[in-house]
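Please report on the fold shown here. Cover the core, the sheet, the disulfide and a few single residues.

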Amino acid sequence: MSMKRSLVLSGILLAGLCAGTASADVVGKVGVDWIGNDIIVDAVADPEVKGVTCHVTYFDRSVIDRVKNGNWFEDPSNSAISCHQTGPIEIGDIDVSKGGEEVFKSGLSLIWKKLVVTRIYDKQNDTLIYLAHSREVVDGSAKMALSTVSLYGQPVTWKNGKPQ
């Protein structure tokens with residue numbers, strides 16, 4: 001197989017893996033020490049819920065920190081999230097099961113660890129819950145953060161009708 005064809009197939013595979021999740025825009029980068037470690041702030045618009053934006057923070061290790069600590073390929077699992085209404089809310093085809101739906105993911109290691117934002121709809125309280133957590137193949141992490149967007153009393157448009 002030619003190198004060009006391999007790259008094209010890899011690109012198609014990567015696009016397929018990323019389908020259905022939102023992309024993030026870096027809106028802040030705060031230096032935290034002299035060796036170049038940073039806290040990154042991303043704005044993530046929910047792809048199926050127009051009018052809701054989440055701001056997710058995570059730690060980005062510098063090259064110096066990676067050399068010093070010997071762990072080249074991984075960032076810490078720590079993250080924080082805050083989600084708010086940023087426009088008229090229009091809800092598309094969302095998963096309303098208890099397991100929710102992944103709306104964003106970003107790599108925290110070369111292969112194994114991802115920062116994930118999962119949306120869960122709390123029907124009883126008419127609230128969208130956004131859970132930021134890390135997903136690891138071997139050892140899961142208990143580090144997580146939570147944010148909610150209340151739909152109660154809001155003019156919300158449900159494209160497929162509000163779940164009963």
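Leaving aside neighbours within four places in sequence, I81 is in contact with C54, H55, V56, V117, Y130, A132, A145, L146 and S147. This is a predicted model: local features need pLDDT of at least 70, side-chain atom pairs count only at pLDDT 80 or more, and totals for chains, interfaces and linings use all residues. Residues are numbered from 1 along each chain as its sequence is written, and side-chain values use heavy atoms, with hydrogens and water left out.

The largest nonpolar core holds 25 residues, and I81, L128 and Y130 touch the most other members. A nonpolar core here is a set of buried Ala, Val, Leu, Ile, Met, Phe, Trp, Tyr and Cys residues joined through side-chain atoms within 4.5 Å. Elements that give two or more residues to this core are β2 (38–45), β3, β4, β5 (101–107), β6 (113–122), β7, β8 and β9 (156–158). Strand β3 gives the largest share, 5 residues. Strands (E, at least two residues) and helices (H or I, at least four) are DSSP runs, numbered from the N terminus. In soluble globular proteins, nonpolar side chains tend to be buried together.

L146 sits in strand β8 (residues 144–150). Its relative accessibility is 55%, so L146 counts as exposed. The classes are buried under 20% relative accessible area, exposed over 50%, and partly exposed in between (1.4 Å probe, protein chains only).

L146 and I81 are 65 residues apart in sequence. In space, their C-alpha atoms are 6.4 Å apart. Beyond its neighbours within four places in sequence, L146 is in contact with I81, I129, Y130 and L131.

## The disulfide

The count comes to 1 disulfide (a pair of cysteine sulfur atoms within 2.5 Å). The bond joins C54 to C83, with an S to S distance of 2.1 Å. C54 lies in strand β3 (residues 49–60) and C83 in strand β4 (residues 79–91), so the pair ties together parts that are 29 residues apart in sequence.

The torsion about the S-S bond of C54 and C83 is about 110°, so the disulfide is right-handed. Both C54 and C83 are buried.

## The open sheet

An open sheet is formed by 5 strands in the order β1-β2-β3-β4-β9, with mixed pairing. The edge strands, β1 (24–31) and β9, each pair on one side only. From one strand to the next, the twist averages 35°. That angle is taken between axes, which are lines fitted to C-alpha atoms (for helices, over the stretch in contact), and runs from 0 to 180 degrees between N-to-C directions.

Strands β1 and β2 run antiparallel and are joined by 7 bridges. Two strands pair if DSSP finds at least two bridges between them. D25 stands opposite A43 in β2.

## D126 and T127

D126 is in the loop between β6 and β7. Phi of D126 is near 50°, a positive value in a residue other than glycine. D126 is buried, with a relative accessible area of 13%.

T127 is in strand β7 (residues 127–136). T127 is also buried, at 11% relative accessible area. The T127 side chain reaches the backbone oxygen of N125 at 2.8 Å. Not counting residues up to four places away in sequence, T127 touches I120, Y121, D122, T148, V149, S150 and L151.

Conventions
Polar contact = N/O pair within 3.5 Å; in protein donor to acceptor, adjacent residues only side chain to side chain. Contact = heavy atoms within 4.5 Å.
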